[in-house]
Amino acid sequence: MSSIKLRPIYEALDANQPKQALKLCNALLKKKPDVHMVIALKAMALIKIDASPGPMRDEAVELCRSIQRSIPPPSDETLLNTMLRVFRASGNLKEMNECYEVAWQKDPKNEQLASGVFFSYVRVSLISQQQQTALKMYKIFPNQEQYLFWAILSMFLQGETNQIQYQLADRLISKLYSEGKLETNESLLLFLNILKKQAKHKIYLDVISSPSSVKLLDASIPFE
């Protein structure tokens, strides 16, 4: 559907006028009842009118579920984000994640959908799943080393309760360091924290005093 026809709905939602947005959605759905984006925006309007448990929230969730059950399943990023907001506002976190999981399974080479899956886990602190997703992303997109750092960070976040995760993170990031691929202040600090957590004091001192680390850390300190 044309973005021009949807614009008044977005404007009503942005102006905190969900009842007006709902009215506009219903008018469009009378003409074209199967347009997923309008159905999702109607769900958003309903949840904005009343997010507390009750008929409006139930209808909003069911509208998004009806989109999710469609064949083929939804994969448009804007549509998925709208559904995600409804599921999150209604407390349906599992279904929020499933939106992106199903879409990515359908189109595994879609980098945006892959990122959507990862961040859907981040939003609800499913750290093990975000680690697995980041590793899968790096396998599919090997030139995007940021995904490997996402996986290493996820391992680090699990280290307090599972020391093996520190070891796995150390193994991966040490290899990157030896290859000269720690090119950001954040990646270097992550490496140093991983070493610190394992009490690898000598290696920590060697790394932090190396010319490349000194240069990187100095560059991150703003001038007064």
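Modeller: Let's start with ring pairs: rings of Phe, Tyr and Trp (its six-membered ring) pair if their centres lie within 6.5 Å, and planes under 30 degrees apart count as stacked, over 60 as edge-to-face and the rest as tilted. By that rule, ring pairs link Phe118, Phe119, Phe141, Tyr147 and Trp150 into a cluster. This is a predicted model, where local features need pLDDT of at least 70 and side-chain atom pairs count only at pLDDT 80 or more, while totals for chains, interfaces and linings use all residues. Residues are numbered from 1 along each chain as its sequence is written, and side-chain values use heavy atoms, leaving out hydrogens and water.

Colleague: Thanks! How many aromatic pairs does the structure hold?

Modeller: There are seven aromatic pairs.

Colleague: Why is the pair of phenylalanine 118 and tryptophan 150 called stacked?

Modeller: Their centres are 4.5 Å apart and their planes 20° apart. The distance is within the pairing limit and the angle under the stacking limit, so the pair counts as stacked.

Colleague: What makes you say that this pair ties together parts of the sequence?

Modeller: Phenylalanine 118 belongs to helix H7 (residues 111-123) and tryptophan 150 to helix H9 (residues 146-158), so the pair ties together parts that are 32 residues apart in sequence. Helices here are DSSP runs (H or I, at least four residues), numbered from the N terminus. Both phenylalanine 118 and tryptophan 150 are buried.

Colleague: Why is the pair of phenylalanine 156 and tyrosine 166 called tilted?

Modeller: The centres are 5.8 Å apart, with 50° between the planes. That angle is neither under the stacked limit nor over the edge-to-face one, so the pair falls among the rest, tilted. Phenylalanine 156 is in helix H9 and tyrosine 166 in helix H10 (residues 163-178), 10 residues apart, and the pair links these distant parts of the chain.

Colleague: How do you know that tyrosine 166 is buried?

Modeller: Buried means under 20% relative accessible area, exposed over 50%, and partly exposed in between (1.4 Å probe, protein chains only). Tyrosine 166 has 2%, so it is buried. Phenylalanine 156, with 17%, is buried too.

Colleague: And why does asparagine 16 count as exposed?

Modeller: Its relative accessibility is 59%, over the limit, so asparagine 16 counts as exposed. Asparagine 16 lies in the loop between helix H1 (3-14) and helix H2 (18-31), and its phi is near 60°, a positive value in a residue other than glycine.

Technical notes: Helices (H or I, at least four residues) and strands (E, at least two) are DSSP runs, numbered from the N terminus.
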